[in-house]
Amino acid sequence: MHFSLVVVRSSPDPTVMVVTGGVCYPIDTIAPGLVRNRRRGLLDLLENWAVAEPTLTAAVDGLAGSHTPSLPMPPANDLLAPVLYPPKVICTGTNYWDHL
């Protein structure tokens, strides 16, 4: 089964959700412990993708026929950037001399 990951605005911290079959599941509900700090968005998952991907795949596959409560897809204005606070931002420029 295929899935997507989204970060949704919620209070007090953003919620990371798994989207599959047109509905959402809070990641803490189907795969507890994968996201250590919800304020970082998907960064915890991406930094540990070798463990996160098979865990999420198994969790999503286990949703078929289960009674795990799902949520509707949130409105677009509640979706946040996947990585909220990156540890490093790298900028490059090719026309540097034009700005001197």
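This is a predicted model: local features need pLDDT of at least 70, side-chain atom pairs count only at pLDDT 80 or more; totals for chains, interfaces and linings use all residues.
Residues are numbered from 1 along each chain as its sequence is written, local features need pLDDT of at least 70, side-chain atom pairs count only at pLDDT 80 or more, and totals for chains, interfaces and linings use all residues. Side-chain values rest on heavy atoms, with hydrogens and water left out.

Start with the whole chain. The protein has three helices and five strands. Both kinds of element are DSSP runs numbered from the N terminus: helices are H or I with at least four residues, strands are E with at least two. Read from the N terminus, the order is β-β-β-α-α-α-β-β. Along the principal axes, the C-alpha atoms fill a box of roughly 60 × 30 × 25 Å. The radius of gyration of the protein is 17 Å, whereas a compact globule of 100 residues would have one near 13 Å. That radius is taken over C-alpha atoms, and the globule rule is 2.2 Å times the number of residues to the power 0.38.

Next, surface and burial. The protein exposes about 6700 Å², of which carbon and sulfur atoms supply 58%. Accessible areas come from the Shrake-Rupley method with a 1.4 Å probe; for residues, only the protein chains shown count as cover. Of the 100 residues, 30% count as buried. Buried means under 20% relative accessible area, exposed means over 50%, and partly exposed lies in between (1.4 Å probe, protein chains only).

Five strands form an open sheet in the order S4-S3-S2-S1-S5, with antiparallel pairing. S4 and S5 stand at the edges with a single partner strand each, so one side of each has no neighbour in the sheet. Two strands count as paired if DSSP finds at least two bridges between them.

Follow the sheet from S1. Strand S1 (residues 4–8) pairs with S2 over five antiparallel bridges. Here Val6 stands opposite Met17. Six residues make the hairpin link from S1 to S2. Pro12 lies in this loop, and the peptide bond from Ser11 to Pro12 is cis, with omega near 5°. S1 also meets strand S5 (residues 79–80), antiparallel, through two bridges. Val7 is placed opposite Leu80 there.

On to S3. Strand S2 (residues 15–20) and strand S3 (residues 23–26) are antiparallel and share four bridges. Met17 has Pro26 as its bridge partner in S3. This hairpin has two residues between its strands, and Gly21 in the turn shows a positive phi of about 60°. S3 then joins strand S4 (residues 71–72) by two bridges, again antiparallel. Val23 faces Pro72 in S4.

What packs together? In soluble globular proteins, nonpolar side chains tend to be buried together. A nonpolar core here is a set of buried Ala, Val, Leu, Ile, Met, Phe, Trp, Tyr and Cys residues joined through side-chain atoms within 4.5 Å. The largest has 16 residues, and Val16, Ile27, Ile30, Ala31, Leu45 and Leu56 touch the most other members. Elements giving two or more residues to this core are S2, helix H1 (27–30) and helix H3 (49–61). H3 gives the most, with four residues. Beyond its neighbours within four places in sequence, Ile27 contacts Val16, Met17, Val18, Pro32, Val35, Leu45 and Leu56. A second, separate core has five residues, including Val6, Val8, Val19 and Cys24.

Leu5 sits in strand S1. With neighbours within four places set aside, Leu5 contacts Met17, Val18, Leu42, Leu45, Trp49 and Leu56. Thr15 belongs to strand S2. Thr15 is buried, because its relative accessible area is 15%. Residues up to four places away not counted, Thr15 touches Val6, Val7, Val8, Ser10, Pro26 and Arg38. The side chains of Thr15 and Ser10 make a polar contact at 2.7 Å. A polar contact is a pair of N or O atoms within 3.5 Å; within protein, one must be able to donate a hydrogen and the other to accept it, and residues adjacent in sequence count only if both atoms are side-chain atoms.

Definitions and conventions:
Contact means heavy atoms within 4.5 Å.
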